[in-house]
Amino acid sequence: MLGTILHAPGDVRCVHLPEPEILAPTDAIIRLSASCVCGSDLWPYRGLQDIGAPMAMGHEYCGVVLEIGAAVKNVKVGDFVVGSFVLSDNSCPHCKHGFQSSCEQRAFMTGAQAQIARIPLADGTLVATPTHPDEDLIPSLLAVSDVLGTGWYAADAARVQAGSTVVVVGDGAVGLMGVLAAKQKGAERIIIMSRHKTRQDLALDYGATDIVSERGDDGVTRIKALTQRIGADAVLECVGTQQSMTQALQVARPGSMIGYVGVPHGVQFDGANLFFTQVGMLGGPAPVRRFLPHLMDLVLSRKINPGKVFDLELPLQDVAEGYKAMDERRAIKTLLRV
Ligand SMILES: [Zn+2]
């Protein structure tokens with residue numbers, strides 16, 4: 001089968017690999033319906049995250065179950081399934097509290113930019129659809145696996161509710177999904193910080209009410225002006241840099257929450273500043289498993305169309321171009337046809 005290996009920074013290749021096999025009785029093997037490249041894949045691709053050895057890439061997936069281990073009960077061969085990018089048992093205390101991304105057995109999915117993948121902890125990780133979905137829904141169901149689930153978590157963690165004024169920091173795919181999530185949760189005003197026309201257009205399409213293209217102090221000033229100098233009720237931090245986190249803290253009103261889902265790279269906090277800013281923060285890897293049933297329903301009933309975030313579609317063989325286009329910001333997110 002074909003799969004994707006990152007050999008070194010900038011060197012990602014689609015290669016022939018042995019087909020994955022059941023290794024534990026809790027595993028399932030799926031044939032992917034489609035795969036994609038994640039913004040977080042760009043960290044090792046850009047050499048900003050060390051990889052010791054060549055690494056199998058891909059953690060977003062949906063597809064049809066080909067084989068199950070002896071202990072798997074919740075999905076069966078032939079089911080169409082979507083899973084989280086975090087593998088979880090969905091039964092430990094953290095999972096029961098809805099934080100499957102801190103599962104006692106937590107592991108991170110790899111090897112999904114491929115035709116076939118092994119899914120450990122299948123019972124706790126996968127959710128099957130009642131029937132096989134229409135082909136045109138595949139991109140949206142794939143998006144649920146990580147990018148939408150993560151944007152949704154940002155809105156959930158930031159406690160977005162009906163009538164909220166929301167600021168989304170970051171116009172990558174996750175930020176755009178954060179806009180979609182805030183809209184679904186009834187936010188009245190959704191301000192996105194974005195400097196790119198195609199991303200601004202998609203943000204407006206997903207429900208953004210205001211675009212702020214300024215950054216730094218100018219961006220903060222604009223947002224304060226848009227919110228009667230109060231700041232936002234909820235801030236979604238979807239980048240993970242010092243600049244984006246500082247921005248989030250500066251536009252959050254006292255008593256608000258920041259949902260932060262950009263993987264932090266070099267972010268530091270000043271304790272006294274946090275103390276006097278008086279905002280709450282909740283973030284981390286998204287517990288997508290908690291949201292899967294609801295988000296899959298929204299997609300299957302065609303209430304949302306997160307799949308529009310894929311603005312480049314390539315065959316898996318051209319995965320290197322998929323990475324390059326995202327790295328150069330020519331594409332928001334690449335869908336890989338398998
Ligand atoms: Zn667990």
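Biologist: Hi! How far apart do the end C-alpha atoms of residues 10-336 lie, and how much of the span is helix and strand?

Modeller: Hello! The end C-alpha atoms of that span are 18 Å apart, and the span is 32% helix and 24% strand. Helices (H or I, at least four residues) and strands (E, at least two) are DSSP runs, numbered from the N terminus. This is a predicted model: local features need pLDDT of at least 70, side-chain atom pairs count only at pLDDT 80 or more, and totals for chains, interfaces and linings use all residues. Residues are numbered from 1 along each chain as its sequence is written.

Biologist: Thanks. Which feature does UniProt place at residues 10-336?

Modeller: The UniProt record, an unreviewed entry, has "domain: Enoyl reductase (ER)" there. UniProt positions are given in the numbering used here, feature names are shortened, and annotations may be inferred rather than shown by experiment.

Biologist: And how is the protein divided into domains?

Modeller: Domain 1 takes 2-147 + 287-337, and domain 2 takes 149-283; the bounds come from an automatic or database domain assignment. Between the C-alpha centres of domain 1 and domain 2 there are 26 Å.

Biologist: How many residues of each domain are in contact?

Modeller: On the domain 1 side there are 19 residues, in contact with 17 residues of domain 2. Contact here means that the C-beta atoms of two residues, placed from the backbone, lie within 7 Å.

Biologist: Which elements give two or more residues to that side of domain 1?

Modeller: Those are helix H4 (138-157) and helix H10 (288-300). H4 gives the most, with 4 residues. By class, the side of domain 1 that touches domain 2 has 11 nonpolar, 4 polar and 4 charged residues. For the classes, Ala, Val, Leu, Ile, Met, Phe, Trp, Tyr, Cys and Pro count as nonpolar, Asp, Glu, Lys and Arg as charged, and the others, Gly among them, as polar.

Biologist: Switching to sheets: what is the strand order in the open sheet with S1?

Modeller: The order is S2-S1-S4, with antiparallel pairing. Strand S2 (11-16) and S4 are the edge strands, each pairing on one side only. Two strands pair if DSSP finds at least two bridges between them.

Biologist: How many bridges join S1 to S2, and S1 to S4?

Modeller: S1 and S2 are joined by 6 bridges, while strand S1 (residues 2-8) and S4 are joined by 2 bridges. Ile5 has Arg13 as its bridge partner in S2, and Ile5 also stands opposite Ala56 in S4. Leu6 has Met55 as its bridge partner in S4.

Biologist: What about the turn between S1 and S2?

Modeller: S1 and S2 form a hairpin with 2 residues between them, and Gly10 in the turn has a positive phi of about 80°. The C-alpha atom of Gly10 is separated by 7.7 Å from that of Gly47, 37 residues apart along the chain.

Biologist: Where is Gly47, and is it buried or exposed?

Modeller: Gly47 is in the loop between helix H1 (42-45) and strand S4 (55-56). Gly47 counts as exposed because it has 11 C-beta neighbours inside 10 Å. The cut-offs are 20 or more other C-beta atoms within 10 Å for buried, 12 or fewer for exposed, and partly exposed in between, with C-beta atoms placed from the backbone.

Biologist: Last one: what is the phi of Gln278?

Modeller: Gln278 has a positive phi of about 55° although it is not a glycine. Gln278 lies in the loop between helix H9 (271-277) and strand S16 (280-283).
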